[in-house]
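Have the structure open while you read.

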Amino acid sequence: MNLRTPGPTPIPDNIMETMMNPMVDHRGPEFAGMLPTITDNLKTLFLTDNDVLILTASGSGGLEAAVVNVLSPGEKILVVSIGSFGNRFGKIAEIYGAEVIWLKKDWGLPALASEVGIMIDKNPDISAVLVTHNETSTGVTNPLEEIAKEVKSRDKLLVVDAVSSLGSLPCKVDDWGLDVVVTGSQKGWMVPPGLTMVSMSDTAWDANSKATMPRAYFDLAVAREYATRGQTPWTPALSLFNALNKSLELMLEEGLEGIHSRHKRVADKVRNEVKAAGFSLFPKEEIYCSNTVTAVKALENMDIAQFREKTRSEGVVFAGGQGELSGSIFRIGHLGYIPDSEIEEALNVLRNVLK
Ligand SMILES: *Cc1c(COP(=O)(O)O)cnc(C)c1O
């Protein structure tokens with residue numbers, strides 16, 4: 001199957017093979033030898049000197065970890081949401097008792113930095129801003145660098161869902177001043193689902209020392225303490241750590257610039273060919289279109305479920321729309337392992353099924 005969903009994404013064979021390695025004692029020297037290398041390589045790709053911790057959970061577990069480690073019940077925060085993942089992030093904060101002020105945009109639009117600045121000025125008592133970098137449900141990338149300037153110039157804690165952007169799109173954690181940043185193994189990292197990686201700035205650790213939301217499995221201070229000994233608090237998904245170790249080696253070989261330009265080139269190609277086939281893109285402005293996932297509007301009278309069923313029978317899996325977009329869009333994932341031949345095949349099948 002040619003899996004063109006925005007996570008899970010295809011895994012190259014040489015990464016797949018590492019998951020055949022025998023199990024080791026996760027409190028022994030093999031794992032302790034591997035963890036610092038993985039962590040250092042992640043820091044290089046996050047462009048950060050901050051701590052990066054690796055948790056055994058999907059991306060949503062990373063979002064929950066971010067929330068419970070830096071916030072307290074009753075704390076007033078701003079959540080910027082441009083789609084279903086933004087809503088999920090804010091919902092997690094609400095479940096744990098944060099008082100959420102929402103900045104919600106119509107789906108298909110980005111959040112503009114000026115809008116975020118105005119919202120903070122209207123609610124000066126908020127302590128933190130939660131924002132999605134790349135909204136996978138709508139195929140829109142927020143102008144995070146500009147948003148970060150507004151947030152950090154007002155001295156608020158900035159917590160970012162970079163699950164479907166980091167490792168594929170430019171995301172400069174230290175340069176942009178991002179305090180807590182979450183990503184997930186099954187997106188651009190060419191690793192199966194099951195690991196989430198979270199960076200924490202000094203400001204985030206300060207917040208952590210005062211934050212009173214309950215936390216046990218996802219306690220990042222405990223994870224940091226264990227990491228100094230080359231361990232994780234709980235049994236790590238060892239096979240996935242092996243895969244991540246290998247994928248980071250391959251990613252560093254290619255380099256961030258190579259990775260980013262490859263994603264841009266493939267995304268441009270997908271957008272152009274989808275438009276040439278008669279479709280229009282779901283995002284309202286092309287400059288905010290994501291370079292990791294393309295959201296495409298259904299043609300008039302098009303049955304998206306049937307269309308996806310047919311492409312699947314020809315070996316290509318596209319994603320449908322989430323929530324309120326179900327039935328009105330489909331999505332093409334192009335992040336992580338995206339060989340030209342597979343992208344060509346996906347576009348060919350798309351055109352054939354359309355006929
Ligand atoms: C995939 C994704 C998540 C996490 O989803 P999981 O299914 O829990 O891994 C969070 N945010 C965004 C933007 C995503 O694309």
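1. Let's start with the second largest pocket: helix 2, strand 2 (51-56) and helix 9 (220-227) each put at least two residues into its lining. Helix 2 has the largest share, 5 residues. Helices (H or I, at least four residues) and strands (E, at least two) are DSSP runs, numbered from the N terminus. A pocket here is an open set of points on a 1 Å grid over the protein atoms alone, with protein on both sides within 12 Å along at least five of seven lines, while a cavity is a set where a 1.4 Å probe fits but cannot get out; lining residues have an atom within 4 Å of a point.

2. Before going further, the ground rules: this is a predicted model, where local features need pLDDT of at least 70 and side-chain atom pairs count only at pLDDT 80 or more, while totals for chains, interfaces and linings use all residues. Residues are numbered from 1 along each chain as its sequence is written, and side-chain values use heavy atoms, with hydrogens and water left out.

3. Back to that pocket, which has a volume of about 180 Å³. Volumes are the space filled by probe spheres set on the grid points, which are joined across faces, edges and corners. Its lining includes Leu35, Thr39 and Lys43, along with Asp51, Val52 and Arg224. By class the lining splits into 5 nonpolar, 3 polar and 4 charged residues (Ala, Val, Leu, Ile, Met, Phe, Trp, Tyr, Cys and Pro count as nonpolar, Asp, Glu, Lys and Arg as charged, and the others, Gly among them, as polar).

4. Which elements each supply at least two residues to the lining of the second largest cavity? Helix 2, strand 2 and helix 9 do, and strand 2 has the largest share with 3 residues. This cavity has a volume of about 80 Å³. Among its lining residues are Leu35, Thr39, Val52, Leu53, Ala223 and Ala227. The lining has 7 nonpolar and 3 polar residues, and no charged ones.

5. Strand 2 gives the most to its lining, with 3 residues. Tyr217, Asp219, Trp234 and Phe241 are among the residues there. The classes come out as 8 nonpolar, 3 polar and 1 charged.

6. Helix 2 itself checks out: at 1.5 Å a residue, its 18 residues (29-46) should span 26 Å, and the end C-alpha atoms are 26 Å apart, which agrees. The expected span is 1.5 Å times one less than the number of residues. Its buried residues include Phe31, Met34, Leu35, Ile38 and Thr39 (buried means under 20% relative accessible area, with a 1.4 Å probe and protein chains only). Leu47 follows the helix with a positive phi, near 55 degrees.

7. The largest pocket holds about 410 Å³. Of its 21 lining residues, His133, Thr141, Leu169, Pro170 and Asn291 lie nearest the centre. Helix 11 supplies the largest share, 4 residues. Domain 1 (2-6 + 256-354) and domain 2 (14-253) each contribute at least three residues, with bounds from an automatic or database domain assignment.

8. Last, the cysteines: there are 0 disulfides, taking a disulfide as a pair of cysteine sulfur atoms within 2.5 Å. Cys171 is in none, and the nearest cysteine sulfur, that of Cys289, is 19 Å away. Cys171 counts as buried because its relative accessibility is 4%. Cys289 is buried too, at 11%.

Key:
Buried means under 20% relative accessible area, exposed over 50%, partly exposed in between (1.4 Å probe, protein chains only).
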